[in-house]
Amino acid sequence: MNTRIKQLGLTALLGLTAMSAAAEVTVENAYVRAIPPGQMMSASFMILKNDAPESVSLIAGRSSIAKSVELHTHTNNDGVMQMRQVDKVDIPANGTATLQPGGFHIMLIGLNKDLIEGQEVDLTLDFSDGSSHVLTLPVKKVMSGMMHHASENMPKNEHEHMHHN
Ligand SMILES: [Cu+2]
């Protein structure tokens with residue numbers, strides 16, 4: 001009887017370990033923004049999904065194509081959108097964090113090559129639970145959140161014009 005209780009205890013412990021190891025974040029719709037030649041910065045956007053019953057945070061990143069990788073958000077200061085570095089991006093328990101133009105994003109600073117649509121870029125993400133994700137992301141063309149916002153009230157032809165600039 002005593003042995004059996006111990007065994008049950010061990011099974012429960014192993015079960016718990018397996019659960020926390022599986023408490024991983026999944027990454028969806030991830031990409032890096034294409035940039036005009038000569039620009040030194042770009043950004044990566046994605047949806048981070050947390051299936052664990054505890055919140056977890058994205059705390060750092062690195063890439064072979066950038067000198068440094070920072071976590072940023074956009075803040076609206078009296079109508080002026082500004083980028084600001086943040087320590088972490090929280091992903092709530094059983095929830096998601098959306099990194100998108102105009103909001104949270106992963107900043108790639110000091111690029112050592114141009115990012116042209118169709119290329120692939122490596123990006124490693126570190127999470128507060130000690131896990132890391134090594135990602136290979138496509139380079140895609142996107143308008144910045146600010147440009148999108150600014151062009152929303154423009155006539156159609158003006159809007160098209162901005163696209164081609
Ligand atoms: Cu930024």
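Predicted model: local features only at pLDDT ≥ 70, side-chain atom pairs only at ≥ 80, totals over all residues.

Student: How many helices and strands does the chain have?

Tutor: Helices (H or I, at least four residues) and strands (E, at least two) are DSSP runs, numbered from the N terminus. Here there are three helices and ten strands, in the order α-β-β-β-β-β-β-β-β-β-β-α-α along the sequence.

Student: Which residues have the most contacts inside the largest nonpolar core?

Tutor: In soluble globular proteins, nonpolar side chains tend to be buried together. Buried means under 20% relative accessible area, exposed over 50%, and partly exposed in between (1.4 Å probe, protein chains only). A nonpolar core is a set of buried Ala, Val, Leu, Ile, Met, Phe, Trp, Tyr and Cys residues joined through side-chain atoms within 4.5 Å. In this chain the largest one has 29 residues, and M46, L48, L58, I106 and L125 have the most contacts inside it. Strand 9 (residues 120-127) gives the largest share of this core, four residues. Of the chain's 165 residues, 35% count as buried.

Student: What makes the pair of Y31 and F45 tilted?

Tutor: Rings of Phe, Tyr and Trp (its six-membered ring) pair if their centres lie within 6.5 Å; planes under 30 degrees apart count as stacked, over 60 as edge-to-face and the rest as tilted. The count comes to one aromatic pair. The ring centres of Y31 and F45 are 5.6 Å apart and their planes are at 45°, so the pair is tilted. Y31 lies in strand 1 (residues 25-33) and F45 in strand 2 (residues 41-50), and both residues are buried.

Student: Which residues coordinate the copper ion?

Tutor: Donors are N, O and S atoms within 2.8 Å of the metal (3.2 Å for Na, K and Ca); water is not among the atoms, so sites may look incomplete. The copper ion is held by H72 (ND1), M83 (SD), H105 (NE2) and M107 (SD), at 2.1 to 2.2 Å.

Student: Why is the arrangement tetrahedral?

Tutor: Four donors count as tetrahedral if all angles lie between 85 and 135 degrees. Here the donor atoms subtend angles of 96 to 116°, so the arrangement is tetrahedral.

Student: Are M83 and H105 buried or partly exposed?

Tutor: H105 is buried, with a relative accessible area of 2%, whereas M83 has 38% relative accessibility and counts as partly exposed.

Note on methods:
Residues numbered from 1 in each chain as written. Heavy atoms only, no water. Tetrahedral: all angles 85-135°; square planar, octahedral: opposite > 155°, others 65-115°.
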